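Good morning, and thank you for coming.

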Amino acid sequence: MRRRTVIGIVAAATLVVAAGGFGAWFALRPSGPGAAAQNYLGALAAADPASAVQALACDGTDSTTLIGAFAGVTETITDPTVGEVIEQQESARATVAYSLDGQSREATLSLVSTAGVWRIACDGLGALEVSTTHGDTIAVGTQLLAADTTVAVLPGGYDITAAPVGILEGTATAAVPIGAVTPVSLDSTLSPAGRDAAAAQVQAYIDACAAPAATVPPNCGIRVPWAADLATLESIAFRIETAPTLTLSDDLSSFDATDGVIVATATGTTRAGAQASFTYRADDWALRGTITFTGNEMTLAVG
């Protein structure tokens, strides 16, 4: 009687497994390094950066940066396959093949096992090293990345854009294979919107320089010789007859704003003790300074 009961329990268990399907049975087993490698490649091919990042075990990489940059991918890897897998306790190496940018490629993925889960090490990523003609930053996808340094990204084909975005214009493309650093040169120029922004910055500075003041404003290129006529100065009123004309250097490192005309009326007390006003005119008003592109900003500084 006991034997029949045991047989009945085993039969019932067998039926449950069959009903659940083999997928349910395999899901209970920890995936091996070969399956982990195939899942990672499959996520890259399917343009699923979140799943690809989840498959990684790479300290020092930021998932937000990897996923944001992947938004700039114009081509994913295709035809991924996993070849020989060599497993040694908690580590493994898998030979993989795939296509990118019209080329058949091979790579070796290192894998590590943590609590029975296999993940891809840092050599499963690629990297960009972008030199740019202006600034210290480039844009890839929704992410701003440092220029002139090696930045890890998920493998794929990328569009790279000059930054500050909208201020500078210029693009480059790069195929980033698994486990390789891809050098890129990005030429950029100032966009029409950038020129308008530069002109607006200078005009705002000019307007601030010409605001009524109690003293001659510093760093404005304005000299008012009020001391020749007044013992003490109470206020200065300015009138711009011609605003300085802005010119940017060819390498976008400096600017000149020249040929301005400004009139200053100084009010104060004369040496005789009388209240008086005197007007002075400058026909050569000019401002000069530097241009810098830092992060996603352009700054003009009068020097």
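This is a predicted model: local features need pLDDT of at least 70, side-chain atom pairs count only at pLDDT 80 or more; totals for chains, interfaces and linings use all residues.

Let me begin with Arg 288, which is partly exposed at a relative accessible area of 45%; partly exposed lies between buried, under 20%, and exposed, over 50%, with a 1.4 Å probe and protein chains only. Asp 256 is likewise partly exposed, at 33%. The side chains of Asp 256 and Arg 288 meet in a salt bridge, 3.3 Å from N to O. That pair links distant parts of the chain, since Asp 256 sits in strand β17 (residues 254–269) and Arg 288 in strand β18 (residues 275–294), 32 residues apart. By salt bridge I mean a side-chain nitrogen of Lys or Arg within 4 Å of a carboxyl oxygen of Asp or Glu.

Residues are numbered from 1 along each chain as its sequence is written, and side-chain values use heavy atoms, leaving out hydrogens and water.

How many salt bridges does the whole structure hold? The search finds four. In one of them, Arg 281 pairs with Asp 283, with the closest N and O atoms 2.8 Å apart. Shared partners join Arg 239, Glu 241, Arg 281 and Asp 283 into one network.

Finally, the chain as a whole. Its secondary structure comes to five helices and 19 strands, taken as DSSP runs numbered from the N terminus (helices H or I, at least four residues; strands E, at least two). Of its 303 residues, 39% count as buried.
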